[in-house]
Amino acid sequence: MAEVLRLPVPYVDEPTDAEADEPRTDYSGNGVDESRPAVPSAEDGPDDGNNDILEGKVLVDQAAPRRQEFRTRLLAGRGARRRPIIAPWLRDREEAKTTVRWAVDYGTHIAGFHAVRIPLYAATLAARSPRGLWRLVAGTWRWTCDAEALPLRLNAVDGNDADTYLRLLRERDNRVRWRRLLASGGLLGAGLAASAVAAAGGVAQGAALAALVGVLGWIGSPADKPLMGPAVVSTSAPKLTSEIIVRALGALGIGEINKALGKGGAGITFPAPITRDGPGWRADVDLPYGVTVTDIMDRRERLASGLRRPLGCVWPEPAHDQHAGRLVLWVGDQDMNQVKPPAWPLAKSGTADLFKAIPFGTDQRGRTITLTLMYANALIAAMPGMGKTFALRILALAAALDALAELRTFELKGSGDLSALEKVAHHYGSGQDDETIAACLASLREVRKDLERRAQTLRKLPKDVCPENKVTPQLAAKKSLGLRPLVFIVDECQNLFAHPTYGAEAAELCTAIIKLGRAFGVILLLATQRPDKDSLPTGVSANVGIRFCLRVMGQVENDMVLGTSAYRNGLRATTFGLRDKGIGYLVGDADDPQIGRSYYIDNLTADRICERARALRKAAGTLTGYAAGEDSAPDDAGVSLIDDVAAVIGSDEEKIWSETVVKRLAELRPGLYAGWTPGQLADALKPYGVATRQVWGQDEDGKGANRRGIVREDIQEAAREATGTP
Ligand SMILES: Nc1ncnc2c1ncn2[C@@H]1O[C@H](COP(=O)(O)OP(=O)(O)OP(=O)(O)O)[C@@H](O)[C@H]1O
């Protein structure tokens, strides 16, 4: 009996018309697979003697129609990536201006360089002109006499080849005849031109002689000594070609790539031409099946070596709207960290509007990156010394230049990195000490309380004035409503969140502010050098909108800042080097993640900007609090809720109702606790691990009842934990 051949389903293709009449073979090489169901195909046709081979074949692919319909071809283009009509560098004003400025500057330099050397060039040409004259005369003579064919004729003589000699001689006579005629004509023309020049005199004669000397000098110039040296020594990057990219990819040690590049492999394809894109080259690459862009990003350093470019020039990225194997490789002419950062557009003049995009930095291609802070919060994280404070400073300065915005700035390192903002901030603190951290917490409490007021104000407004229940530029501008943007800035926020006494409450407050504050015009800007779960509450890291991650050490920190799976999706701030200061991944503002470098503003420049911002605020009447010299410290600066609760519980009270506690707290600090409800107290105590429960107590009339309250021992325990006393 003939062997029954069943092909594994996925390997069977519909035969072409030419193949249809031939017995089909197992191209997969996988042979018989009895385990798979054999579905007979109509295409197998009548019994032609090969049925034993065809049995069990399943056709899974449709045969491509010979000629695609016009409509089909048209529709096929729907998913195609459209190349921009206008080159990207021309669409970005700043980039176009930079390019044109560079071109003009470059042209001017070259013109100037050669202009000052004109006398030298003239002298050189004059010195070379006799040699040129000799070359001209000798060359013309040789041409006229057909000297180039002389060796052939001599050869024929040496070989006693009379026939060839005579043929060559005839050939020579023919040539020489018309060449002599031309040469005589040329000579006559030269003679006439010379007499015309002699007769002309003056400027024309001088110009003609100079031109003659110039031409003769040029003819007399040795090939290895050009008259003009280069005005610029080119250090520009070599052109990026598909060959270089394929070579570099082949050197990454990825098996699938090597297979594709090997004999019989499918190779590597480029879905779009390699083009100039800003100050560098952009290549779109389709990696071999099974290779992902993250595989390449993992080996960025090796890729840079393969491309023979510095690491800071090589930026492989996923094409976010394409398949996982579509690589967008951008290779800059210059290392990103060597490029001189452009000046911050608002450094010398201008104001900001937090409802609109503010300039934050530039991307690898030198294009401006903007951020819109309103309705968002931002988190900046990095290893120490990588530029987190500089990045935060840009956002803080932009907020300062919006005269409407109220700034509360706490720099919890104590270095004075944000000291320029003292001039404009409503609340300001600098230091790692408990007092500064307590002041920060108190300010947060105030903001948390203010959120409720803002919410109420918005709720009361008529729908036509406030249709979306959120602060709009028009509402923010109405002073009476008290809805001006409030920007709360905390640098080195790990010192706040990891504080043994205040950390838990600060985490709760920040989480609440981040969740609720957006619509009410409250913006939280945080920077930390320790993005881990102990120093950055998950409620904060999970809800913050804008994230800028400079160099971090590992995947955990990376994902904590940029979001879960960021590392797996190729956003790896771990690939930045020590020299990549100020460079990071930015997510949350644009549709796609961006790599950017924040603008560089040092403390001195920040000072000048804040002077301007202060003047703006004075003019607008919005200079308040610390900056205005008012005692703006919140009532509860340095105050601990646990200490206060402990203070209002009598030593003979084992258990006490919450309603009694809030009443006593309001008496103790009316500015802080007035209006507190038992529920609010329960929420505020939660971060300290104190739970309220049903406790027995008596009211003023001595009537006993079971109500929600506090056990004194719980408070004492929390106080001991907070101070670290056993
Ligand atoms: N955008 C930038 N361009 C160029 N250099 C920068 C940029 N940002 C920061 N730097 C450089 O990096 C150095 C460190 O910056 P910064 O003080 O912001 O670091 P940091 O991450 O806040 O450090 P730390 O955690 O120790 O406070 C700066 O002194 C500056 O020289």
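Predicted model: local features only at pLDDT ≥ 70, side-chain atom pairs only at ≥ 80, totals over all residues.
The chain contains 26 helices and 17 strands. Of its 726 residues, 33% are buried. Among contacts in the chain with a separation of 6 or more, 67% join residues 24 or more positions apart.

Strand S10 (residues 486-491) is mostly covered, six of its six residues being buried. In a regular strand the side chains alternate between the two faces of the sheet. In S10 both faces are covered: Leu486, Phe488 and Val490 are buried on one side, and Val487, Ile489 and Asp491 are buried on the other. S10 pairs with strand S8 (residues 406-411) in the parallel sense over six bridges, and valine 487 of S10 is the bridge partner of leucine 407. S10 also pairs in the parallel sense with strand S11 (residues 522-528), again over six bridges; here valine 522 of S11 is the bridge partner of leucine 486.

Helix H5 (residues 93-115) lies largely in the open, because the number of buried residues among its 23 is one. The end C-alpha atoms of H5 are 33 Å apart, which agrees with the 33 Å that 23 residues should span at 1.5 Å a residue.

An unreviewed UniProt entry annotates Ala382, Met383, Pro384, Gly385, Met386, Gly387, Lys388 and Thr389 as "binding site". Alanine 382 is placed in the loop between strand S7 (378-381) and helix H14 (388-400). Alanine 382 has 27 other C-beta atoms within 10 Å and is therefore buried, the cut-off being 20 or more. Leaving aside neighbours within four places in sequence, alanine 382 is in contact with Gly387, Lys388, Gln529, Leu550, Arg551, Val552 and Gly584. Proline 384 lies in the loop between S7 and H14 as well, but proline 384 is exposed, because 10 other C-beta atoms lie within 10 Å and the limit for an exposed residue is 12 or fewer.

The ligand is surrounded by 16 residues, of which Gly387, Lys388, Thr389, Phe390 and Gly582 are the closest. The annotated "binding site" includes Gly387, Lys388 and Thr389. H14 and strand S14 (594-598) each supply at least two residues of the shell around the ligand, and H14 gives the most, with three residues. By class, the shell consists of six nonpolar, six polar and four charged residues.

Methods:
Residues numbered from 1 in each chain as written. UniProt positions renumbered as here; feature names shortened; annotations may be inferred. Helix = DSSP H or I, 4+ residues; strand = E, 2+ residues; numbered from the N terminus. Contact = placed C-beta atoms within 7 Å. Expected span 1.5 Å × (residues − 1). Near = placed C-beta within 6 Å. Nonpolar A, V, L, I, M, F, W, Y, C, P; charged D, E, K, R; others polar. Pairing = 2+ DSSP bridges.
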